Every structure is written in structure tokens, then in C-alpha cells.
Amino acid sequence: MLDKTLRWLDTHILLFLVLICVLRIGFLFSSGLVLVGDESYYWDWSRQPDWCYFSKPPMVAWLIGCFTWLLGDFTPVLRLPAVLLSTVFLAYFYATAKAFYGTRAAGFALLLLLATPNNVLANIFMTIDPPLYCFWMMCVYYLQQGIFAHHARAWWWAGCAGAMALLSKQVAIALPLLVLVFIFLDKQRYQWLKKEFLCFLLPMLLAALPLLLWNKQHDWVMFGHIKSHFTPSTASGFAFDWHNIYNYVFQQLLLISPVLFGLVIVMSVQYFLNFKRLTAESQFLFLFGPLLVLGVLLLSFKQKVQGNWPMPFYFTALILLAGIWQTGRWKKIQEFALSFGLILVAVTYLLPVLLSIFHLQESKFNPLRRFGHWQELAVNIQIQRQQFMPLTDNSFILALGHRNLASEMAFYLPDHPKVFRYEADGAVVSQYEVWRGPQSFLGGNALIISDNDHPVPAEIKSAFQNYRFVAEVANPKQVSSPFYLSVGENLQHWPSPEQHPVFEESQ
């Protein structure tokens, strides 16, 4: 059965990718999944195009902005770039595996990739990951073409793909560093430093320039955000944070699948110990994947690590596993990993249906339960809003609390209003604090949304000519923690506390 599938893939790969894309678009428009917090947050970024943002480069906002400008501010439209990018990613992944190991191994590598639940998530949710994965894989493919197939122009295309990856997520800065490491492994490659590597590096430098200029103008907030991710959670230099290790490994087991994750780790350790005896092709693939997988795993011993951080590094690891499978080693265990992973993927796609059939939408078994209440909350708030604050061109929303409250209300309230946040201590914890406050709304009215943990500060109340509490709105997620609505009339001024960066977790 597997051999027939691989032969079919070899002759029908384009048709296969088109079918995958169509099925995913069908799921996108039928699943009814509401936006997670990061998606609505990046959508709000897209309404104010810029060269960079608080925590990430601009690619995700640019892509969302292009699609919603053309097709409207609808959930499937916002996520459509993820499906299209993931399809391009699959094409380049297959082409890269084929360039290294031939069509049979490429087909098996593609099936392994499709058997990872994270690949499902990456074509459903429009976060920074879909563009990063796509452009990272494109870069690896063109590097293979330049280094091993000796296509001179491929270095330039690799640099362009690397630049797009850098505009997607900061981790892409590792790409030129990894190329340098590979070059320095063999003196015969030093000649590439004169021309080929410079052709690769130039587009990435050009992409980095506006990011640096933007950060210089905004107190280097993105770099402060990056720095906050690399603060050890243990006081001792030798102590391990077992809670963080457990959480990280558990996330990898879910995102990659247990058997496949174990195979990647075992293979990575073996290749690390035998690195000098590897072929140049294997060394290249190891540097761009398994080595970094091990590095992130070790990092989790000392601090909290987000589960999606190592995802781009699994791509070349899976290609290496396919190469091993083709030689006959680990054949049965890899085929078992493929079958087991495909079952997990099927469950992932069927999860919305299964939760509905067994009435588990509000149970702890629903991983998206913490996001599903935003749309209902927006409906409840809109009812009160229409009653207490008629819509005018000079009205806005003020959300006190987590950035998700601001971004989800901006998306799900029917008129997509301008939503602001206020941090009484001046902390810069999101893009909302980087943007200017509602100074342009002087004389206007505001609907203020607060909760038990974020009461309305006195300086906000005094900023309006009139301030009054108007309603309590039930919290669909947690009944014991309602939201409170207040109306501020005739904004006189906007309090501007001295700002200082305090960085919160993000992808």
C-alpha cells in the first residue's frame, strides 16, 4: 500500500497538492472556529501597516491586510493566507527532499510531514508560523540548489527567501549563521565567501534595515521582547526546571506526534555524535534542523520555551529520517510513526465535529475553549453598546486587561471599531502601548470595558467630562468574572504615564 502511494505521488504530486489545498480551504470555511487571540491581534496590526511591530516583523500583518483588503474582514479570509502558504511550503519541502534523496524518499518525507498535527494547525491559524515555514523551506531548497547543484542564481533566490523569512520572524537570522558554519566546515568552500555568500546575505541585510530603523525609533521594543524570552527560570546555574521541561516535551509530543518526536531526538543525538563522518549533504540537513531541535530542547532545561519555537527545525530532520528509511534502517518504526501520526491528524481535523457530537465544547477536552467565548462576548457587549452609546464617527472602545480583549472586540464587534488599551503604570506590554492613544478622539465618547482584575483607573475617569457605569456583561468563559461597561463622554485629554517596557509572553 505504501509503495503504491509513493509511486502515485511521484507522478501526481501537483494534483495531490491541489487536492490538499482544496480540502483545507473547505475545512477553513466549514469549521466555524473563532479567531484565537494572536490572530485577532495580528489582524489589528494589519489595519495600521508598518515596517515592524512590538514583538514581530511585519509579514503576518502585511499578508492579513492584503487578503482582508481584497475580500473583507471575515475569519476564513483572514486565515486563507495560511492555507495557500502551507501549500507552497509542501511543494518546496517535497522538492528539497527529492533533491537530496530522490522521489521515493521525498514522497515518504512528505507523508511524515503530513502526519504531524502541527502541520494541521499551521494551515488553519494565521499566525507568524505559516509565512515563516514557507519562506524558511524555500530558503533551504535554494541553498541546496546553490551548494550541491551548483546553480549560481540559487544563492540570490535563497537570500530573497531568507529575507522574507526574516520579515516573518526573527529566528530567520539563524539562516546566514548556519550557512557560515557549513562553509567553514571545509576550506574548499571558503571561496563562496567572495561572491555566493554575499549574494545570499544582501537581501537579508536589506530586509533587516527597516526593522532596525523602526526599532531605533521605538526604543528597541522588539529586541527587548526577544531578550525577555531568554531569561532562565532557575536561580541556580545547575538546577533544572522540571516543570518547564515536562511542558515543553509534552507540547512536542502533541505537535509532532510521540513516535516521530522520539525518532527525531534519537537521530539528532546520533548525528551529533557522528557529525564528522556524515556526508556533506547530511551535515547540511543536520545543521538546519536536528542540531537546532537539540538546542531548543536543552534550552527548555533552564527556562520556559514555547512549543512552536523549534517547528522549522523539524523539516530537515524529517527529510533525514526519510533518507534513513530509504536505506532500510528504522523502516518498521518509521512506518508505524507514519500510521500513528496520520491517526492523530485525522482526530485533529475531526475535533470540532467530535466535540459537537459529544457536547464537549465547554469541557476541558476542548483545546480552543479559552478562545471560543470572544464572539459571544462581543454580541453581548454590542447589545449594551447600542443602548448606552450610539455609534458616531468620534467614538471608540477602551479595553482594560489583556491585549486579547482589545483585539477580539475590535474584530468581532460588527463595525470593527478602533480599540485602545491603557496601562496605568506605563508598561509597554503590547503593540497597543506602542501606538498613540486616542488623542485624535478629543471631544468624543468611549465605551470602556473592564473586569474585576482591571478596574477603571481614576485618571481615565477624570479624562472625560462625564463618566458613568452603565452595565454588567456576563463572561461566557467564566461566570464568576463578569465584564463591566462604562461610558466616558466628551474626552478632554488622554493621560500619558511615563512608559517603560515590560514584556509578556508571545509566540
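1. The coordinates are those of a predicted model, and the remarks that follow should be read with that in mind.

2. Two cavities of 30 Å³ or more are present in the structure. The largest cavity holds about 90 Å³ of space, and its lining consists of F89, L113, T116, N118, N119, A122, Y133, I256, M311, Y314, F315 and L318. By class, nine of these lining residues are nonpolar and three are polar, while none is charged.

3. As to where the lining of the largest cavity comes from, helix 6 (117-121) and helix 16 (314-326) each contribute at least two residues. Helix 16 gives the most, with three residues.

4. The second largest cavity has a volume of about 40 Å³ and is lined by L85, S86, F89, N119, A122, P130 and Y133. Here the division is five nonpolar and two polar residues, again with no charged residue. Both helix 4 (75-101) and helix 7 (129-147) supply at least two residues of this lining, and helix 4 gives the most, with three.

5. Turning to the open spaces, the second largest pocket has a volume of about 400 Å³. Its lining is made up of 18 residues, and K169, Q170, V171, F230 and W309 are those that lie nearest the centre of the pocket.

6. Helix 11 (221-228) and helix 15 (290-299) each provide at least two residues of the lining of the second largest pocket. The largest share of that lining, four residues, comes from helix 15.

7. Helix 4, noted above for its part in lining the second largest cavity, also packs against helix 1 (residues 2-30), at an angle of about 165° and with the two axes 10 Å apart. Because angles over 145 degrees count as roughly antiparallel, helix 1 is described as roughly antiparallel to helix 4. The crossing of helix 1 with helix 4 is right-handed.

8. On the helix 1 side, this contact is made by L9, D10, I13, L17, I20, C21, R24, I25, L28 and F29, which meet P76, R79, L80, V83, L84, S86, T87, L90, A91 and Y94 in helix 4. Taken by class, the residues of the contact between helix 1 and helix 4 are 15 nonpolar, two polar and three charged.

9. Helix 4 also packs against helix 5 (residues 103-114), with an angle of about 140° between them and their axes 7 Å apart, and the two helices are therefore oblique to each other. This crossing, too, is right-handed. Helix 4 brings F89, L90, F93, Y94, A97, K98 and Y101 to the contact, and helix 5 brings T103, A105, A106, G107, A109, L110, L113 and L114. The contact of helix 4 with helix 5 comprises twelve nonpolar residues, two polar residues and one charged residue.

Notes
Residues numbered from 1 in each chain as written. Predicted model: local features only at pLDDT ≥ 70, side-chain atom pairs only at ≥ 80, totals over all residues. Heavy atoms only, no water. 1 Å grid on protein atoms, 1.4 Å probe; cavity = no way out; pocket = protein on both sides within 12 Å on 5 of 7 lines; lining within 4 Å. Points joined across faces, edges and corners; volume = space filled by probe spheres on them. Nonpolar A, V, L, I, M, F, W, Y, C, P; charged D, E, K, R; others polar. Axes fitted to C-alpha atoms, helices over the stretch in contact; angles between N-to-C directions. Parallel < 35°, antiparallel > 145°, perpendicular 65-115°, else oblique. Left-handed = near helix turned anticlockwise from the far one by under 90°. Contact = heavy atoms within 4.5 Å.
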